[in-house]
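Hi,

Here is the structure I promised to pass on. Have a look at it first, then read my notes below.

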Amino acid sequence: MWLFVFFDLPVMTKKERKVATQFRKSLEKDGFSMMQFSVYVRHCPSKENMNVHIKRVQLAVPATGMVSILSVTDKQFSDIKNFYGKVEKNKLSVPQQLELF
């Protein structure tokens, strides 16, 4: 599963910028990578793991602004097309999962 977090947070005042930065840093600390300026993505190996990360995002959501969370399957994510200008770039790869016994 892939977990997307989309957000539009106010950044007009110094305090709002600080809150937005704290939110972005909390996403990065939780293993999310920036896909675009207000779009972060993270791979989750299971639905249970995904629910843990959704709860963490919910706890970090600021009092103002809009935050959306979307989950998609690996198959759905594999259909994504990324362009930088007119050039198509490679997709993000699924991180390898280690199994410990």
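**What I found**

Let's start with Phe23: leaving aside neighbours within four places in sequence, Phe23 is in contact with Val5, Phe7, Leu9, Val57, Ala60, Val61, Pro62 and Val67. Contact here means heavy atoms within 4.5 Å.

Before going on, keep in mind that this is a predicted model, where local features need pLDDT of at least 70, side-chain atom pairs count only at pLDDT 80 or more, and totals for chains, interfaces and linings use all residues. Residues are numbered from 1 along each chain as its sequence is written, and side-chain values use heavy atoms, with hydrogens and water left out.

Phe23 also turns up in the largest nonpolar core, which has 13 residues; Leu3, Val5, Phe7, Phe23, Leu27, Phe32 and Val57 touch the most other members. The elements giving two or more residues to this core are β1 (2–8), α1 (14–29) and α2. A nonpolar core is a set of buried Ala, Val, Leu, Ile, Met, Phe, Trp, Tyr and Cys residues joined through side-chain atoms within 4.5 Å. Buried means under 20% relative accessible area, exposed over 50%, and partly exposed in between (1.4 Å probe, protein chains only). Helices (H or I, at least four residues) and strands (E, at least two) are DSSP runs, numbered from the N terminus.

Now the sheet. Four strands make an open, antiparallel sheet in the order β2-β3-β1-β4; two strands pair if DSSP finds at least two bridges between them. On the edges sit β2 (33–36) and β4 (66–72), each pairing on one side only. Seven bridges link β1 with β4, and Leu3 has Ser71 in β4 as its bridge partner. Five bridges join β1 to β3, with Trp2 opposite His43. β2 and β3 share three bridges and form a hairpin with two residues between them.

Take a look at β3, too: five of its five residues are buried. Val39, Val41 and His43 lie on one side, and Tyr40 and Arg42 on the other.

Cheers
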